[in-house]
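Open the model in a viewer and keep the selection panel at hand.

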Amino acid sequence: MTTQVYITGSARAGISGQAKGETLHGFRPVSGTKDAVHVSVGGNFVAALTSTGQLLTWGMGSKGRLGHGNEEDSHIPRKVNLPSPVKLVAAGKCVDVRY
């Protein structure tokens with residue numbers, strides 16, 4: 001089964017998942033998320049889990065919340081390098097939990 005994440009709303013810090021960082025006034029697909037099986041939205045960032053256990057995050061990167069090893073914002077989904085496949089993700093205001 002192929003899935004796709006769609007998003008609408010604020011472009012603040014890249015949370016819309018659009019490379020141009022544009023605010024969306026209607027749902028648009030988020031590039032690179034065709035294999036997503038679960039999505040969790042936190043404070044100004046998004047985490048998506050793929051069917052193969054990869055974790056993708058994008059949006060505001062402050063406090064390291066995206067898991068990319070820095071505090072940079074990401075306007076497009078980026079893979080988080082983890083030692084094993086992820087089974088569940090839950091996002092909060094400044095943190096996300098991976099299991």
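Start at Gly42, which stands opposite Phe45 of strand 4; strands here are DSSP runs of E with at least two residues, numbered from the N terminus. The model is predicted, so local features need pLDDT of at least 70 and side-chain atom pairs count only at pLDDT 80 or more, while totals for chains, interfaces and linings use all residues. Residue numbers run from 1 along each chain as its sequence is written, and side-chain values use heavy atoms, without hydrogens and water.

Next, select residues 45-50, which make up strand 4, together with strand 3: the two pair in the antiparallel sense over six bridges. Pairing requires that DSSP finds at least two bridges between two strands.

Now go to the loop between strand 3 and strand 4 and pick Asn44. Its phi is near 70°, a positive value in a residue other than glycine. Most residues other than glycine have a negative phi. Asn44 is partly exposed at 25% relative accessible area (buried is under 20%, exposed over 50%, partly exposed in between, with a 1.4 Å probe and protein chains only).

Lys63 is the next stop, in the loop between strand 5 (55-59) and strand 6. Lys63 is not a glycine, yet has a positive phi of about 65°. Is Lys63 buried or exposed? Its relative accessible area is 62%, which makes Lys63 exposed.

Move on to strand 6 and select Ser74. Ser74 counts as buried, at 3% relative accessibility. Its side chain reaches the backbone oxygen of Ile76 at 2.5 Å. Show the residues around Ser74: leaving aside neighbours within four places in sequence, its contacts (heavy atoms within 4.5 Å) are Ala13, Gly14, Thr57, Trp58, Gly59, Leu66 and His68.

Finish at Ala90 in strand 7 (residues 89-91). Ala90 is partly exposed, with a relative accessible area of 39%. Draw a distance from its C-alpha atom back to that of Gly42: the separation is 8.2 Å, for residues 48 apart along the chain.

Terms used:
Helix = DSSP H or I, 4+ residues; strand = E, 2+ residues; numbered from the N terminus. Polar contact = N/O pair within 3.5 Å; in protein donor to acceptor, adjacent residues only side chain to side chain.
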